[in-house]
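This report describes a protein structure for a reader who is new to the subject. Please examine the sequence and the model before reading on.

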Number of protein chains: 2
Amino acid sequence: MIPFNKPYLTGKETHYMYDAVYIGKLSGNGKFTKKCQEFFEDKYGFKKCLLTTSCTDALEMAAILANIQPGDEVIMPSYTFVSTSNAFVLRGAKIIFADSRKDHPGIDEDSIENLITTKTKAIVPVHYAGVACDMEKIMNIANKYDLLVIEDAAQAIDSYFTFSDGTKKALGSIGHLSAFSFHETKNIISGEGGLLAINDTRFSARAEIIWEKGTNRSAFFRGEVDKYGWVDIGSSFLPSETIAAFLWAQLENIEDIQKKRISIWEQYYDGLKEWAIANDLRIPCVPDFATNNAHMFYLVCKDVEQRTELINRLKRNNISAVFHYLSLHKSPFYNDKHDGRELLISDYYSNCLVRLPMYYELTNQDVECIIDSIVNG
Amino acid sequence: MIPFNKPYLTGKETHYMYDAVYIGKLSGNGKFTKKCQEFFEDKYGFKKCLLTTSCTDALEMAAILANIQPGDEVIMPSYTFVSTSNAFVLRGAKIIFADSRKDHPGIDEDSIENLITTKTKAIVPVHYAGVACDMEKIMNIANKYDLLVIEDAAQAIDSYFTFSDGTKKALGSIGHLSAFSFHETKNIISGEGGLLAINDTRFSARAEIIWEKGTNRSAFFRGEVDKYGWVDIGSSFLPSETIAAFLWAQLENIEDIQKKRISIWEQYYDGLKEWAIANDLRIPCVPDFATNNAHMFYLVCKDVEQRTELINRLKRNNISAVFHYLSLHKSPFYNDKHDGRELLISDYYSNCLVRLPMYYELTNQDVECIIDSIVNG
């Protein structure tokens, strides 16, 4: 049986968790939390980082920081995970769903400008499969209309965008705020877990307060105020130290993890490219401005029947392949709140995209076997 | 140096975390999550339990389940932690702060009825120091006005309330919904962590959805629906399995932990009772309807000067004693939103209450030494 996902352990996770336990500081914001936050700031150029209990929670922090008020509009792709939208709906936002690109499930950047109204507050691009949206186009639109950009970088650790002047920046470092996930299905994991990256330093002080349940506790511990109290809304967004300790073991090995995943991805790509073209399926497209962090290898079938047949065929060979993301504008929750626009490309990916097994411990033989099951049945 | 708190480890925490890691199911809702939830349901009679990443998050789930809308009013004591109120403020509630009892920092039950208006949606009693509020009185008021009762049982694990007919029920099992904390300062810990207990089963199905990011994923895995999608608001409230594994080690030892804490508490009580009376301080009061879970041993000084002197005296003897809870109605955040009523008993506890060190590994000699420092300076 080849599962769809298998969390990879570098071997040091339990060791560092043991450390965290015996240091005796078990709640959040201890030694390992700080080490992880500094790692991200140094490696990817995020201005300030705060670990969270999930990417969902990081998005919720972003929605609070964006000061979303009831009736404000937020533009995002319909082809995404529920948390992208829920975080803003919880603050009262109306979600304006955009369609996906034809060549890639990411937001159709050219459709954004038409969706902007006087109520628009933020654009939330989702870097699907860790592949960048056109951040230059999106930042230009945001600047023109004075909107915030919140990158949903749940899948996008260690991936980059190149601007037309050649500048290359890590995903998550371009928008005003960004959210990452360390859920067990991601490249770098901590079980459940996430990160808020703050690139616009106007938000730094308030982010710290919201993270600490709406109190100025962090400023108090730095000696900046003489007592701390309730100064804002907020929640308990910080994870236990044991979670940060687990994450630290992963970060120490990020280069090895990425190298291995990319080699698996390339084996899929080389093995399936010709067959896909011959059978009317599409393989992943990585635009010139993007890099590939090998979060995911997917195929886009020509229709839902072909996809069902493919998933069943793999299942018969004990291989688990999955689809995901029902277009959110058609969901039971948002169907009657959506403005009725058809989002056909989003529906197309909902019906036709299938994800193949992708994890560190997949062997060359496993990938060969999966390719063979696809190509030869 | 005697610290204020020291997280106690039973010895099996890292063992079970190791288990959770090597089972390979690291995200939420795995084996250890289910074991913990069943433990609480069986031992305390909660109808349905869901682990959360914090008590704050459990309160936020309760606020969503209570369907709090902007402008709804929620009654709670002013003398509490910010999360009690933030959870409801995040949903748009107006907080109506009540004063505390004269004999105990818990909500003054007799003041509640006068605070009820047509906009009142819920009452949130906080079982301060793990000592019950008069839940019979509160449930009667709630029933009379058709209000929800959400117990903030953050400190109240393994504590009970006895009704006038002799029925004894665990705190957290009486209100419609209840929230517990497993923060490292509590009797039973997991670093950061919490629990939502659902006693009114009308809320069970929706609770599961809100817990799973607003999706009907749980029903899908039980085979009740054939695909899952976005059906409601929600968040990622579930903790990693490693957190649940840590908690499980604590729960296996709950009787031992409680026995030890109660013996420390009694040593404080016996050693300080006479001195406190002679010096115009008060020692904790446990009403007849309540039990003592030994979460906290505190003294209430006659004024803030006496408290400052006491804290400084202990500090000179290398003993850390702390105060907490600035009345929330006077906080920078809520001061201008409060209706102006004075809450003098709440202010009194804010100014005069001091918490003494309380943790499993405090020895008889430590407690003797603390008592001696208080009594003899």
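## Domains of chain A

Domain bounds are taken from an automatic or database domain assignment. By that assignment, chain A is divided into domain 1 (13–251) and domain 2 (254–376). The model is a predicted one, in which local features need pLDDT of at least 70 and side-chain atom pairs count only at pLDDT 80 or more, while totals for chains, interfaces and linings use all residues. Residues are numbered from 1 along each chain as its sequence is written, and chains are lettered from A and ligands numbered from 1 in the order in which they are written.

The centres of domain 1 and domain 2 of chain A, taken over C-alpha atoms, are separated by 25 Å. Two residues are in contact if their C-beta atoms, placed from the backbone, lie within 7 Å. By this criterion, 34 residues of domain 1 of chain A are in contact with 29 residues of domain 2 of chain A. On the domain 1 side, α4 (82–89), β3 (94–98), β6 (160–162) and α8 (241–251) of chain A each supply at least two residues; these helices (H or I, at least four residues) and strands (E, at least two) are DSSP runs, numbered from the N terminus. β6(A) gives the most, with three residues. By class, this side has 16 nonpolar, 11 polar and seven charged residues, where Ala, Val, Leu, Ile, Met, Phe, Trp, Tyr, Cys and Pro count as nonpolar, Asp, Glu, Lys and Arg as charged, and the others, Gly among them, as polar.

## The sheet of chain A

Seven strands of chain A form an open sheet with mixed pairing, in the order β1-β9-β8-β5-β4-β2-β3; two strands pair if DSSP finds at least two bridges between them. β1 (48–52) and β3 of chain A stand at the edges with a single partner strand each, so one side of each has no neighbour in the sheet. Within the sheet, β4 (residues 120–123) and β5 (residues 148–152) of chain A run parallel and are joined by two bridges. A:I123 stands opposite A:V149 in β5(A).

Helix α6 (residues 204–211) of chain A packs on the sheet, where α6 touches β1 and β9 (194–198) of chain A. The direction of α6 makes about 15° with that of β1(A); axes are lines fitted to C-alpha atoms, for helices over the stretch in contact, and angles run from 0 to 180 degrees between N-to-C directions.

## Buried parts of chain B

A residue is buried if 20 or more other C-beta atoms lie within 10 Å of its own, exposed if 12 or fewer, and partly exposed in between, with C-beta atoms placed from the backbone. In helix α6 (residues 204–211) of chain B, the buried residues are B:A207, B:E208, B:I209, B:I210 and B:W211. Their cover includes β1 (48–52), α3 (55–65), β9 (194–198) and α7 (217–221) of chain B.

In β1(B), four of the five residues are buried. β1(B) and β9(B) run antiparallel and are joined by five bridges; B:K48 has B:I198 as its bridge partner in β9(B).

## The contact between the chains

Chain A and chain B each bring 52 residues to their contact. On the chain A side, α1 (13–23), α3 (55–65), α4 and α8 of chain A give two or more residues. The largest share, five residues, comes from α1(A). The chain A side divides into 22 nonpolar, 21 polar and nine charged residues.
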